[in-house]
Amino acid sequence: MITLNPSNKIAETRKLGTFHGGVHPPFHKDDSNKPAIKFAGIPKQLVLPLRQQLGSDAEPCVTVGENVYKGQLIAHLNHHEGALSANIHAPTSGTVSAISDHAIPHPSGLQANCIIIDTDGKDELSPELPCKPIGDYKTIPQNNLLERIQQAGIVGLGGAAFPTAVKLAGSQNSKIKTLIINGAECEPYITCDDRLMREKSAEIISGIKIVLHLINAEECLIGIEDNKPEAIEAMRLATVNETHIEVISIPTIYPSGGEKQLIKILTGKEVPSGGLPSELGLLSQNVATAFSIYQAVIEGQPLISRIITVTGNGVLHPQNFEVLIGTSFAYLAEQAGGTTKMADHLIMGGPMMGFALEDDNIPIVKATNCALFTSSTALRESNPAFSSQATMPCIRCGKCMDVCPANLLPQQLYWHIRAKDLEKAQQHNLKDCIDCGCCSYVCPSHIPLVDYYRFAKIELREQRIAQEKADISRERHEFLLYRKERDKRERDEKRAAHKAQLQAKKAALAKKKAESGDTTETAKDTSKADAIKAAVARAKEKKVAREKEPPKGSERKRSAVRKNNKKDNES
Amino acid sequence: MTILTAVLILVGLSTVFGLILGYASVRFKVDGDPLADKVDSLLPQTQCGQCTFPGCRPYAEAIAKGEAPINQCPPGGETTMLALADLLDVEPLALNEEDIKESDMPEVAIIVEEDCIGCTLCIQACPVDAIVGAAKMMHTVIESECTGCELCLPPCPVDCIIMKPLDTTIDNWKWKQPVATEKTYPIIPIALESEAK
């Protein structure tokens, strides 16, 4: 039995909004939500990708061979303007064995730069803690609190891993009235937030209070789907004495945990297309993020571990683990009793929005909330992309349109993208698609619709980047032409200036001579002129004389000819 | 008399409007060709000259005047051609067969540094100033600025410049377009159990 405080009674009667569409896939929550959260242990090796989210790489601040302590900063966030990254700390003590490329959890299956730590099993804390526990957070300035959250490398743990400090700093400027805490956990199979709320409700509430204090919000609404009654109960118990924090049970429907969808349910407000919740005075955070904020501020522990659901019919004992960041999926599977014959696929995230990994020797990152080891058949029931059945033509049944939580027209998007008419797809608000997979789920023709949208979104992004690059190239080319033109002009000007200078010198010299009245000079000039005239005259006379008397050479020739003739006659 | 008034009024009006229009045409004169600007903004700005024009701008001007077909830009490929067709409201044209590239990864020029003799010929050829170096010093390409136009290849006396496609990283990796694998099967009814629940 629990006693309800007045605010919770209001919650019972609060009129909830609904969003358009949504589906009820098989949720499989019972598979993994029974056992308590267990510490997964320290694996032999931890691999920490330098980039754990969209944005830029963190910059490593340790060297190969260096010993690191638990909680020591090993890569600090990128300080460049506009760079989006978060601090990374050593999850346990050990030696940095390499900073090199390693496979990371990414749909591409590509490698990226990682810090690899060989653990020593001692789990030794750093003698000088980078983050000291803050007892009473209300006494220290808000900026210091924010700095702490940044130091601790906290990112949104709901899936996107957006750096929390950046999000909170952005919200400080806009007036936030309501903090939305996302405990919906609508994706099938995943129960990590459920277990966390059951076991750590007081800590979560404490974290929520820190955020409320930071952004000066008046109230907090915690939305939890009604398929987690234990979590709702635990959270309500923890908020008995809080008048401004309200736990709200919301109907179970996928994707109620989408940011915009949850806001619609809890407040009835719709975040406009392309807009942010902060424009409506709202800020949303995941429950796990609130918990890690509590850990960072009150306990002084940076984000070095998180709760992950290891589930699916591919593992023997599906359950939730507290996992050090950088642990491999293979190690997690071992901890969950090992994989079974049914483990055909490894999905990071849930079956609806997660992506398949090709290998289990891949580390978990801050954004990993679930490791789903599952058979193809089980996966097929929620995602046709894994279906072995052939895709059928779209029959324009419109089912996808009925379930789209973003109010889009998935079938139209599909046709335009198939025809590579991305501009049309854009006009149909492709950017509002949240990749939830409801459309693919209901598609009777098994068309992997979301794959088309993902393809189109990336393609559009690439086109935008190419356009930006083209603009830069144009600028550079125009500058090159301008530079060549300028250089030519400058050269011409220099030449002209030089010429003018020479002429001026000559003129000045002549003037000087004239001024000094140097008659000898003029006399010399006249005598020179006379000499030339005389020379010309002599040359003329000579010429005339030459013309009058025939040249000697020709005379000689003629006489020679005559002589020859004589000889011929004689012979 | 009435006719005269009417004529006078009309003459007066046309004079006034003529003056206004004349003033406006001087005051609001658009320099350059706005259509050429629009076309230019769609071209990939590699300045490679493969369209036979000396750079993107001259090609854009030729297109705007209707003197050049829209399918002469190999770096832009089909996307650019379709965008141009859209802008100019003309029928799309097929690309020349030899211009269709196998990989859509952009290429960049790389100078093999051991072989470079520092002749500066490639620097002069680069349309976007993306090569740095000095006489008798080794040259290198600024990869992020290189447009892959290949204009630096012919002038190089020692053939030390190679074209290399960019590596696929998580930054420029793309989802593949799903292949439509539809076959004409008899349609099998599919029960959606979960929906029924």
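**Close-up views of a predicted two-chain model**

**Figure 1. The contact between chain A and chain B.** The contact takes 43 residues from chain A and 42 residues from chain B. In this predicted model, the two chains bury about 3700 Å² between them, and carbon and sulfur atoms account for 55% of that area. Met392(A), Arg474(A) and Arg476(A) supply 15% of the area that chain A buries against chain B, more than any other three residues. Four salt bridges are counted between chain A and chain B. In one salt bridge, the side chain of Arg474(A) meets that of Asp40(B), with 3.3 Å from N to O.

**Figure 2. Chain B and its secondary structure.** Chain B contains six helices and four strands. Along the sequence, these elements follow the pattern α-α-α-α-β-α-β-β-β-α. Chain B has 197 residues, and 29% of them count as buried. Among contacts in chain B between residues at least 6 apart in sequence, 51% join residues at least 24 apart.

**Figure 3. Gln47(B), a buried loop residue.** Gln47(B) is found in the loop between helix H2 (34-42) and helix H3 (56-65) of chain B. Its phi is positive, about 60 degrees, although Gln47(B) is not a glycine. The relative accessible area of Gln47(B) is 4%, so this residue counts as buried, the cut-off being under 20%.

**Figure 4. Helix H5 of chain A, largely enclosed by the rest of the structure.** Helix H5 comprises residues 201-215 of chain A. At 1.5 Å a residue, its 15 residues should span 21 Å, and the end C-alpha atoms are 21 Å apart, so the two values agree. Twelve of the 15 residues of H5(A) are buried, and the helix is therefore largely enclosed by the rest of the structure. Among the buried residues are Ser201(A), Ile204(A), Ile205(A), Gly207(A), Val211(A), His213(A) and Ile215(A). Asn216(A) follows H5(A) and has a positive phi, near 55 degrees.

Figure 5. Met353(A) has its place in the loop between strand E15 (345-348) and strand E16 (355-357) of chain A. With 36% relative accessibility, Met353(A) counts as partly exposed, because this value falls between the cut-offs of 20% and 50%. Leaving aside residues up to four places away in sequence, Met353(A) touches Glu187(A), Tyr254(A), Ile434(A), Asp435(A), Cys436(A) and Arg454(A). Lys469(A) is 116 residues from Met353(A) in sequence, and their C-alpha atoms are 32 Å apart in space.

**Figure 6. The cis peptide bond at Pro255(A).** The peptide bond from Tyr254(A) to Pro255(A) is cis, with omega near 0 degrees. Pro255(A) lies in the loop between strand E11 (245-250) and helix H7 (259-267) of chain A. Tyr254(A) is also one of the residues that Met353(A) touches.

**Figure 7. Lys132(A), an exposed loop residue.** Lys132(A) is placed in the loop between strand E8 (111-119) and helix H2 (142-151) of chain A. Its relative accessible area is 53%, so Lys132(A) counts as exposed, for which the value must be over 50%. Not counting residues up to four places away in sequence, Lys132(A) touches Arg148(A) and Gly300(A). Lys132(A) and Gly300(A) are 168 residues apart along the chain, yet 4.9 Å separates their C-alpha atoms.

**Figure 8. Arg396(A), with a positive phi.** Arg396(A) is found in the loop between helix H10 (376-380) and helix H11 (399-403) of chain A. Its phi is near 55 degrees, a positive value in a residue other than glycine. At 47% relative accessible area, Arg396(A) is partly exposed.

**Figure 9. Confidence along chain A.** The mean pLDDT of chain A is 86, and 91% of its residues reach 70 or more. Over residues 1-11 of chain A, pLDDT stays under 50, and the model has 21 contacts beyond four places in sequence for them. Over residues 552-563 of chain A, pLDDT also stays under 50, and the model has zero such contacts for them. Where pLDDT is low, the predicted coordinates should not be read in detail.

Key: Residues are numbered from 1 along each chain as its sequence is written. Chains are lettered from A and ligands numbered from 1 in the order in which they are written. This is a predicted model: local features need pLDDT of at least 70, side-chain atom pairs count only at pLDDT 80 or more; totals for chains, interfaces and linings use all residues. Side-chain values use heavy atoms; hydrogens and water are left out. pLDDT is the predictor's confidence in each residue, from 0 to 100. Contact means heavy atoms within 4.5 Å. Helices (H or I, at least four residues) and strands (E, at least two) are DSSP runs, numbered from the N terminus. Buried means under 20% relative accessible area, exposed over 50%, partly exposed in between (1.4 Å probe, protein chains only). The expected span of a helix is 1.5 Å times one less than its number of residues. Buried area is the accessible area (1.4 Å probe) that two parts lose on being put together, summed over both.
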